[in-house]
Amino acid sequence: MTTITSRFFFLPLLVLTFALHFSVFGESPHNPYGITMVNELYLAICLCLTAFLILAMADEASREIRILMYYCLYSTVVFLVLPAVFAYFTYGQPIVYGLIEERRILFCLGFVPLLLLSKRVSTLQFERALIYAALVAAFLSWCFKFGVIPDLRDEVRSDDRPDRSSIGPFLICFGYFYCIQIWSKGKSPINDAKRNRNLYLVIAAVLLLTLVFATQTRQLIVLCLAFTLFCLRAKAVIWAASLCVLLSPFYLYPSLLEMLGLNIEFYDNTLDGIEDGVRSTTVSMIFNHLNLVNWLPSGSLSLMWQDGFIPYFGEHFFLSDVGIIGTLFRFGFLTFLIIPLSLLVYRNIARNIGTDMQFLYSVMLALFVIWPLNGLFEYGQPVIATLFVIHAMKARHLRSQEKVHERRTYSQLQSCY
């Protein structure tokens, strides 16, 4: 009965949770299948589950949940509340609007439904749910590219790249990470059970091709390649050589890329295009502003309050496009304290859960590579929360393998068993 329930109820529910956690159906300018307020609904569910969990938490609460609650508390206070307070003192924006603007931070609470559901399914089912959700996002991306499913947006603001979509891009990336990790080791990152390496390599290739031809986001492609190097290490040379051999026909015959639908003009627009574009202008405005206010914290403004940053910096000013520079704008001189402190806190949280952090380190190092273009703490919470859930599942598995006389004391484990 438990197997039937987990297979036909909890497994589909976990797939849906992964899709919501990574905003597969979240509204955005580049998501043709985004649904209005679905992200806010998911965050509201996470808030309710967290509140119920806190109210129900007693001595029997698992150690992982207690530790990850500190992760959510720290992230919420530092990256949600503080920018709202800074914006209030700098621009006079009511704090509630600042909280709405930085609501993405609340995706850290996504660990709650994921960790609770992980106890209702097997490790293999959890991994399959992650891969299924990533494949659903990839499938929708290809459907949009080939016009199988029409664009559902009322207004399309990406006229320069009409075939580009952004349907759960970080879910596709994370699915790629997981597949490459399994292909590298030949076993599950959670319980070390043997897995079919060739199958996961094929899935990884499908997900990477989706990012290249359908999603068409350079920083995500770089993110996947960086993770591959960090994960494979010694095998990276073989992997790079294999890629060169596979890509050689496209180098000799560039017309093949056009036949496959690759936007060559977009990928030709590399650093020169970026320097002349909006991103470099935003960076310049940020540093001019910091010099003007003596590097004091400025927080962030919401479009729902007096058009946000538009009256101050124009319509093409987006903190989300400049990664760590956007963090610098929000926190000013405090950035040099908050960033190392946050990394230390996150590392200590992971250490307190479990000591084997190979997969976690590989993903975080890859995220560091694209930090200049994508805010790690502000917009990477879905990835970080999922990493902590997988890390907690691995620690839970390792404890279950301990012999009775080797187990730690009740007070040390805080009723983990």
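What we have is a predicted model, where local features need pLDDT of at least 70, side-chain atom pairs count only at pLDDT 80 or more, and totals for chains, interfaces and linings use all residues. Residues are numbered from 1 along each chain as its sequence is written, and side-chain values use heavy atoms, leaving out hydrogens and water.

Helix α3 covers residues 63-91 and helix α5 residues 111-118; their axes come within 11 Å and cross at roughly 165 degrees. Helices here are DSSP runs (H or I, at least four residues), numbered from the N terminus. Axes are lines fitted to C-alpha atoms over the stretch in contact, with angles from 0 to 180 degrees between N-to-C directions. So α3 is roughly antiparallel to α5, a label for angles over 145 degrees, while under 35 counts as roughly parallel.

Who touches whom? Glu-64, Ile-65, Leu-68, Met-69 and Cys-72 in α3 meet Phe-111, Leu-115 and Leu-116 in α5, contact meaning heavy atoms within 4.5 Å.

Now the second pair. Helix α14 (residues 278-292) packs with helix α16 (residues 324-331) at about 25 degrees, axes 10 Å apart. That makes the α14 helix roughly parallel to α16. Here the crossing is left-handed. On the α14 side, the contact includes Val-283, Ile-286 and His-289; on the α16 side, Ile-325 and Phe-329 are among the residues. Thanks, everyone!

Terms used:
Helices (H or I, at least four residues) and strands (E, at least two) are DSSP runs, numbered from the N terminus. Angles under 35 degrees count as roughly parallel, over 145 as roughly antiparallel, 65 to 115 as roughly perpendicular and the rest as oblique. A crossing is left-handed if the near helix is turned anticlockwise from the far one by less than a right angle, and right-handed if clockwise.
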